[in-house]
Amino acid sequence: MKKSPQLTSSHGAAAIIIIMLSSIVIVSSAFQSLTRQCLRRWQIVPLRRSNRIIPDITSCNINNVVHRSLVHSNTCRNLPSMALSLSHEANNNNNSEESESYIYTTLDDSTTRTSSTTSTTSRNLQQVLHTIEYAAYTAGKVALSTSGQIAIKSTKANIRDLVTESDVKCQQLIREIIEEEFPYDLFLGEEDVDLSGGDSSCASSAALDAVLSGRGGSLSFDDDGDASSSNNEKEEEDRLLFIVDPIDGTTNFQAGLPIYAMSIGVVALPSSSSSSSPEVVAGVIYNPTLGEMTSAVRGRGCYLNNRRLQPPQQQQELPPRTSILNQSLINVGFPISKESTLQASSKAVAALATKVRGLRMVACASQAMAWVAQSKFNAYFSWDLNGWDVAAGIVIVEESGGLVSKMVVDDGDGMTSSRAGVETRDMIITCPCERRGEEGLLRDELIEVLKENDCLEY
C-alpha cells in the first residue's frame, strides 16, 4: 500500500493563505450587497465620476443634449416647492442609467428682510424663481457637457470677447423655458444684441433702454441691429423683464476653467401711470461645475442651494473701525470691451496690491457678485458692466445684506456713492459689514484709492 504524501510546512501555509483570501472575498461581497440594499432602502445613490460624452458641435449633436433637457422638463415641471439640489436618483426600472433630478428653493418668510426695499410687483415671485432656477439648471447641463471642448464660433467687440455655439444654445433653451411660463413678459439676452461693430457699450445700453421703457412682450432688432420693443395684443401693466447671460465668463468656459455661470435677473417694470423706477426683484446665478445655485427674491432673502444666507451678527460691543481695506479680499474686474477699461483695471491692481489682504480677478461678473453675497469676497468692482452681467447679482447681493453702489465721487470735498441699478455700468459691490457703523466703509475706501490713481474715468 502506498503512503499518502505528507503536507510540508510550506504547503500548509499556502493553504491557510488561500482559505483566508477566500474568506475575505466572501465577506467583501456580502458587505457590498448589504450596502447596496441599505442605499436603495434609504434612497441614497453614492456620487461617482462618469466619463461624460462631449457632443460634436460641428454635427449639431448639442441639440441632443438640449432635447434631453426639454424631455426632463416634462417630468420635473410639477415638482413640489423645495430646495434645489443637484443630486442623482435611481431610475424606477432599476436599469444602469441614472436620471438627474432637482428640487426648488423655498422662500423663507419667517425672518426679517435684509434689503432696504420691498418688491414693486404683485406677480408670484415664487413661481418666477422656480422657473428661472429650472432654466439656469437645464442650460447648465448643456454648458457642463461642452466646457473646454467647444470651438470659438465668433467674436463680438474684439478678439477677447468670445461667442461659442453653447452660448447660443443655452440662451435659446433658457428663453423657451421662460416664454412657456411667461409669454407676455419681456426677454433680453446677451446673444440677442449685436456687439460686433462700433461701440459695444452703447449697443448694450440701447438694448437695455429699449426694453426698460417698452411695453412689448419681446425684443426685436431691425436690419441695422437697433433694438426695439414690440407690442403684444395682450397688454399687462405689471410686466416683468428677464435679463439673461446664458454663459457669463465665456472665455473661462471655452478654456475649460470652472469659473462661469448662468445669470438670470428679473426686473419689475413700472406701469404707465407709476412714477417708480424699474427694480430687480429676483435673480439666479448658477455655476454648474461647482453645483452652486445662488438665488434671491426682493424682500424675501438670498439663498445658496436653499440655505438662506444670513448677514453676519454685527459685533455691537466693538467700536467701528476706521479702515478695513487691509483686511479685505478684493476681486477686480477685467472689462475686455475697451483698452481704456483694461488700463483702468491695471492701474487699480497696482494701486491696491500693497493695501489689501489679496486681489483676485475671476473674469466672471455674476460669479464674483455671488461670492460677495456669500462673503467669500469682501468686495468686487468693475467698469463698463452690461445689464446681463449684473441684473441677477444686484438683488442677490442686496438681499444678502451687501451694498451695490455706483463708482462715483461728488465735486466737493466729500464722497457720495449712491445705490446702483441695472443700467449702471461702473459698480462697487461690497459684502455685509461685520460691525455696526461700518456700512459703506470699504466702498468709500476703495473709491478713495481709485480716485487718487485716476481709475474712475476711462
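Buried denotes under 20% relative accessible area, exposed over 50%, and partly exposed the range in between, with a 1.4 Å probe and protein chains only. Helices (H or I, at least four residues) and strands (E, at least two) are DSSP runs numbered from the N terminus.

Beyond its neighbours within four places in sequence, Leu-241 has contacts (heavy atoms within 4.5 Å) with Leu-186, Phe-187, Leu-188, Val-211, Leu-212, Gly-265, Val-266, Val-267 and Leu-269.

## The five-stranded sheet

An open sheet with mixed pairing places its 5 strands in the order β15-β14-β16-β18-β17; strands pair if DSSP finds at least two bridges between them. Because β15 (358–360) and β17 (403–406) stand at the edges with a single partner strand each, one side of each has no neighbour in the sheet. From one strand to the next, the twist averages 20 degrees.

Strands β16 (residues 379–382) and β18 (residues 427–430) run antiparallel and are joined by 4 bridges. Ser-382 lies opposite Met-427 in β18. Helix α8 (residues 365–373) packs on the sheet, where it touches β14 (329–332), β16 and β18, and its direction makes about 155 degrees with that of β16. Such angles run from 0 to 180 degrees between N-to-C directions, with axes fitted to C-alpha atoms, for helices over the stretch in contact.

## Helix α7

The end C-alpha atoms of helix α7 (residues 339–352) are 20 Å apart, which agrees with the 20 Å that its 14 residues should span at 1.5 Å a residue; the expected span is 1.5 Å times one less than the number of residues. Thr-341, Leu-342, Ala-344, Ser-345, Ala-348, Ala-351 and Leu-352 are the buried residues of α7. These buried residues pack against β14, β15, β16 and α10 (441–452).

## Confidence and conventions

The protein averages a pLDDT (the predictor's confidence in each residue, from 0 to 100) of 78, and 69% of the residues score at least 70. Over residues 39–99 pLDDT stays under 50, and the model has 95 contacts beyond four places in sequence for this stretch. Where pLDDT is low, the predicted coordinates should not be read in detail.

Local features need pLDDT of at least 70 and side-chain atom pairs count only at pLDDT 80 or more, whereas totals for chains, interfaces and linings use all residues. Residues are numbered from 1 along each chain as its sequence is written, and side-chain values use heavy atoms, with hydrogens and water left out.
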